[in-house]
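Hi everyone, thanks for making time this morning. Let me put the model up on the screen, and then I'll walk you through it piece by piece.

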Amino acid sequence: MRPSAKPQIILIYPKTGMDFGSTVAPPHAVLSVAAPLDKEGYRIAILDQRNQAITRELLQSLITSETICIGVSSMTGTQVKNALKITRIARELTDGKVPIVWGGTHSTVLPEQTVAHPDIDVVVIGEGELTFSELIHALDAKRPLKDIKGIIYKDGGLIFRNENRPLMDIEELLPVPWHLVDVDSYIHRDMYVKHRSRVLDIGQTSRGCPFRCGFCSSASIRGRKWRAMSADKALDMISSTVGRFKLDGLWLRDDEFYIDRKRAFAITEGMIKNNIDVSFYTSGTRVDVFLGASDEELLSMKRAGAHTLKFGAESGSQRVLDLMQKGITPEMTHKANRRCQRLGFVPAFGLVIGYPTETFEDMDMTIDMAYALKRENPEAQLETMAQFTPLPGTPSFALALEHGLKPPQTLEAWSDWLFDDYDIEGLKLPWYNRDERMWIGNISYMSILGNALGNALDSVGSMPLRLLFKSISGPASAYFRYRLEHKLYRNAPELALVRYLRRKLFYESESTMT
Ligand code: B12
Ligand code: SF4
């Protein structure tokens with residue numbers, strides 16, 4: 001966009017509540033929907049609340065009589081809360097004359113409830129690239145919206161839901177329009193790819209996942225289908241982004257990057273052949289898929305720079321794993337851990353506690369498994385033991401309803417669906433009593449402080465801040481690790497202070513620590 005020209009389309013990525021160091025990745029959600037319109041020559045502004053304050057004055061300075069629409073992204077929880085605040089301001093400034101369009105994962109799983117909000121005019125359901133383009137064309141030409149697949153909208157006080165849009169062929173995805181954001185603000189030191197200073201989340205080379213883990217939203221958002229771009233296109237995306245931004249590391253955010261092992265192998269062999277010198281992290285690796293790969297395939301990944309592989313280990317209790325329909329066993333997780341050690345990968349294990357009917361014996365098995373993994377392979381990283389949070393549209397949501405969950409009935413009420421916070425009132429985990437919910441909150445907090453904090457602090461850009469935080473956090477981490485490993489989680493009044501600070505810094509603060 002020319003500096004003097006005002007945007008026709010304003011796209012907003014609100015703060016998520018987990019905006020810290022290298023979790024502040026580029027807002028791929030809105031970059032991707034902007035790509036086709038940007039190519040056509042529309043003037044687009046992307047505002048990312050994680051690296052700039054989105055004030056009334058800023059919005060006022062961008063909105064003109066030429067503004068076609070204001071689009072807002074939404075993930076269940078804190079992002080919805082911030083999205084609502086911004087939407088309110090936009091509505092007041094435009095007096096209802098500029099349509100406000102919501103998209104993203106929350107709007108996709110609860111489109112009717114989202115569009116019912118008085119400040120929202122249209123909801124784009126599911127993938128936005130094609131739908132949003134058609135919507136902008138229609139709004140620009142003042143045409144009716146009735147033939148646009150994949151939206152739900154208001155007209156004359158009534159709500160209309162159009163036919164669903166089929167999933168797109170992701171080979172057709174356009175390159176990321178990086179010029180619409182300040183890419184440098186997303187290039188970090190990294191919490192996973194250690195000793196690298198220019199690490200960027202470059203997006204996804206595939207979408208969706210054929211598995212059906214109970215707590216996961218992938219199936220409800222992307223229809224339980226795995227669609228991948230060709231190895232050539234993925235390779236081109238990797239090499240062009242690395243070259244353009246002089247990266248020494250990258251993240252791939254595919255739900256499951258390795259499902260088609262032949263494709264993954266072709267990508268890694270291509271990276272080696274083209275001398276792409278990076279270290280990389282992949283967010284989705286299944287233990288069973290990893291164990292099914294040959295040493296040759298894994299060594300190719302290693303030579304291409306694969307550094308940290310995130311595994312969903314989820315639970316140390318087979319009963320809970322089965323309930324989650326995870327399709328793995330704790331022994332398989334141990335096997336993957338040992339294989340990582342032998343081949344030189346760093347495994348990062350994601351864990352969940354508090355699933356409906358999960359007992360404290362089950363949770364203790366998860367704690368035992370976590371520390372056994374660490375003893376077996378000291379390089380292994382333990383992610384947080386995330387408190388299970390029922391997400392609408394997931395298989396576990398129905399299970400949670402059976403166990404007494406009373407879900408929020410309005411968009412506003414979903415904004416406090418916090419993930420890593422104590423469920424003091426029993427809104428998310430009604431199958432436990434108050435004391436039990438406090439213990440679960442304590443486990444979750446202790447795991448953040450004991451296991452994940454050091455890593456996250458490694459990615460803070462400012463060296464003095466990083467050193468200060470690390471010197472304070474080192475002893476605290478050791479203390480909480482000890483308590484968790486020895487299951488001393490029932491009584492921890494000191495965590496009230498940590499909880500207070502976390503709320504102030506992440507959920508209520510207007511600024512972001514990168
Ligand atoms: C990266 C990521 C994050 C990043 C944030 C993203 C960023 N840019 O930095 C971080 C680490 C902060 C994060 C945090 C969380 N995340 Co997250 N995250 C992801 C992940 C892995 C990739 C997102 C992405 O870049 N996708 C690529 C883009 C292109 O796809 P997309 O976001 O779906 O956007 C498309 C459509 O939704 C739509 N769209 C989106 N926005 C808009 C806006 C408009 C105007 C329009 C028209 C269309 C549109 O069009 C886009 C293009 O097709 C997804 C999983 C996944 N595979 O998508 C989970 C995912 C989005 N996260 C999820 C969750 C639950 C969370 C957390 C709430 C919980 C947690 N503990 O992880 C936290 C939030 C923090 C909190 N404490 O409340 C869920 C969302 C469920 C839901 N109902 O909202 C997902 C789907 C994971 C899952 N499989 O369950 N996350
Ligand atoms: S948790 Fe991973 S493997 Fe399971 S359904 Fe979600 S994306 Fe697929």
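Let's start with strand β1: Ile 9, Leu 11 and Tyr 13 point one way from it, Ile 10 and Ile 12 point the other way, and all are buried. By buried I mean that 20 or more other C-beta atoms lie within 10 Å of the residue's own; exposed means 12 or fewer, partly exposed is in between, and the C-beta atoms are placed from the backbone. When I say helix or strand, I mean DSSP runs numbered from the N terminus, H or I of at least four residues for helices and E of at least two for strands.

A quick word on what you're looking at. This is a predicted model, where local features need pLDDT of at least 70 and side-chain atom pairs count only at pLDDT 80 or more, while totals for chains, interfaces and linings use all residues. Residues are numbered from 1 along each chain as its sequence is written, and chains are lettered from A and ligands numbered from 1 in the order in which they are written.

Back to β1 and its partners. Two strands pair here if DSSP finds at least two bridges between them. β1 pairs with β2, residues 44–48, in the parallel sense over 5 bridges, and Ile 12 stands opposite Leu 47 there. To get from β1 to β2 the chain passes through helix α1, residues 28–40, in a right-handed β-α-β crossover. Right-handed means that, with the strands pointing away from the viewer, the path from the first strand over the helix to the second runs clockwise.

β1 also pairs with β3, residues 69–73, again in the parallel sense, over 4 bridges, with Ile 10 opposite Ile 70. From β3 we move on to β4: those two run parallel and are joined by 4 bridges, and Val 72 has Trp 102 as its bridge partner. β3, α3 and β4 make a right-handed β-α-β unit. In β4, residues 100–103, Ile 100 and Trp 102 point one way, Val 101 and Gly 103 the other, and all are buried. Then 2 bridges join β4 to β5, residues 122–124, also in parallel, and there Val 101 is partnered by Val 122.

Now let's zoom out to the domains. The assignment gives domain 1 as 9–161 and domain 2 as 183–507; such bounds come from an automatic or database domain assignment. Taken over C-alpha atoms, their centres are 28 Å apart. The contact takes 26 residues from domain 1 and 28 residues from domain 2, where contact means C-beta atoms, placed from the backbone, within 7 Å. On the domain 1 side, the elements giving two or more residues are α3 (78–94), α4 (105–109) and α5 (111–115).

So where does ligand 1 sit? It lies between the domains, because domain 1 and domain 2 both give residues to its shell. Of the 44 residues around ligand 1, Gly 71, Gly 103, Thr 105, Gly 128 and Ser 217 come nearest; a residue is near if its C-beta atom, placed from the backbone, lies within 6 Å. α1 gives the most to this shell, with 5 residues. By class, the shell has 19 nonpolar, 20 polar and 5 charged residues. Here Ala, Val, Leu, Ile, Met, Phe, Trp, Tyr, Cys and Pro count as nonpolar, Asp, Glu, Lys and Arg as charged, and the others, Gly among them, as polar.

Ligand 2 has around it, among others, Cys 209, Cys 213, Cys 216, Asp 255 and Glu 256. Its shell divides into 4 nonpolar, 3 polar and 4 charged residues.

Most residues other than glycine have a negative phi. Lys 246, however, has a positive phi near 50 degrees. Lys 246 is in the loop between α8 (231–245) and β11 (249–252), and it counts as exposed because it has 8 C-beta neighbours inside 10 Å. The other is Gln 325, with a positive phi of about 55 degrees, in the loop between α12 (318–323) and α13 (330–343). With 14 C-beta neighbours inside 10 Å, Gln 325 counts as partly exposed.

How values were computed: Contact = placed C-beta atoms within 7 Å.
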